[in-house]
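Here are my notes on the model you sent over. Have the structure open while you read, and go through the points in order.

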Amino acid sequence: MKALEEYQSALTISKDNPILHFRTANCLALLDRLDESINSYHATLAIVPKNHHARNNLGSIYYRTQKYPEARREWEIALEIKPDFKIARMNLDKLDSMIHQNLVQA
């Protein structure tokens, strides 16, 4: 919680800092404040659209909220940006496996 407060405070000074938005989003995700986290990842991506880590993490939030098509889209974009990004590949493979097993619908 303290880290989140520090990042939010720093954002009042440096509103266009993608690292601060990204770290804020990560803190919010860990605190299960998922809608706010999505907004912060979007703020990061508005500044640096090719941030593959933000894309991957945003995909994970969408996955957690059962927005599977959105999760897929973010992970695919992350892989377009960085084709050897193993975590995004694992996430996408897990989603595909779940769809194949009819555990989720996308």
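Which residues does asparagine 91 touch, not counting residues up to four places away in sequence? I'll get to that in point 2, after a word on the ground rules.

1. **Ground rules.** This is a predicted model, where local features need pLDDT of at least 70 and side-chain atom pairs count only at pLDDT 80 or more, while totals for chains, interfaces and linings use all residues. Residues are numbered from 1 along each chain as its sequence is written, and side-chain values use heavy atoms, with hydrogens and water left out.

2. **Asparagine 91.** The answer to the opening question is Asn56, Ser60 and Trp75, with contact meaning heavy atoms within 4.5 Å. Asparagine 91 sits in helix H6; helices here are DSSP runs (H or I, at least four residues), numbered from the N terminus. At 18% relative accessibility asparagine 91 counts as buried. For the burial labels, buried means under 20% relative accessible area, exposed over 50%, and partly exposed in between (1.4 Å probe, protein chains only). Its side chain also makes a polar contact with the side chain of asparagine 56, at 2.9 Å. A polar contact is a pair of N or O atoms within 3.5 Å; within protein, one must be able to donate a hydrogen and the other to accept it, and residues adjacent in sequence count only if both atoms are side-chain atoms.

3. **Helix H4.** Asn56 is one of the buried residues of H4, and others include His52, Arg55, Leu58, Ile61 and Tyr63. The buried residues of H4 pack against H2, H3, H5 and helix H6 (86-100). The length checks out: at 1.5 Å a residue, the 13 residues should span 18 Å, and the end C-alpha atoms of H4 are 18 Å apart, which agrees. After H4 comes glutamine 66, whose phi is positive, near 60°.

4. **Aromatic pairs.** There are 3 aromatic pairs in the structure. Rings of Phe, Tyr and Trp (its six-membered ring) pair if their centres lie within 6.5 Å; planes under 30 degrees apart count as stacked, over 60 as edge-to-face and the rest as tilted. Phenylalanine 22 and tyrosine 41 make an edge-to-face pair, 6.0 Å centre to centre with 65° between the planes. That pair links distant parts of the chain, from helix H2 (residues 18-30) to helix H3 (residues 34-47), 19 residues apart. Phenylalanine 22 is buried at 15% relative accessibility, and tyrosine 41 is buried too, at 1%. Tyrosine 63 and tryptophan 75 form a tilted pair, 6.0 Å centre to centre and 40° between the planes. This one joins helix H4 (residues 52-64) to helix H5 (residues 68-81), across 12 residues. Tryptophan 75 is buried, with a relative accessible area of 2%. Ring pairs link Tyr63, Tyr68 and Trp75 into a cluster.

5. **The core.** The largest nonpolar core has 23 residues, and Tyr41, Leu58, Ile61, Tyr63, Trp75 and Leu95 touch the most other members. H2, H3, H4, H5 and H6 are the elements that give two or more residues to this core. A nonpolar core is a set of buried Ala, Val, Leu, Ile, Met, Phe, Trp, Tyr and Cys residues joined through side-chain atoms within 4.5 Å. Leaving aside neighbours within four places in sequence, leucine 95 is in contact with Tyr63, Tyr68, Arg72, Trp75 and Val104.

6. **Salt bridges.** The structure holds 8 salt bridges, each a side-chain nitrogen of Lys or Arg within 4 Å of a carboxyl oxygen of Asp or Glu. Glutamate 76 and arginine 72 form one, with the closest N and O atoms 3.6 Å apart. These two are separated by about one helical turn, because they are 4 residues apart in helix H5. Glutamate 76 is partly exposed at 35%, and so is arginine 72 at 22%. Arg72, Glu76 and Asp96 are linked in a network of salt bridges. Elsewhere, arginine 33 meets glutamate 36 in a salt bridge (2.8 Å, N to O).

Conventions: Expected span 1.5 Å × (residues − 1).
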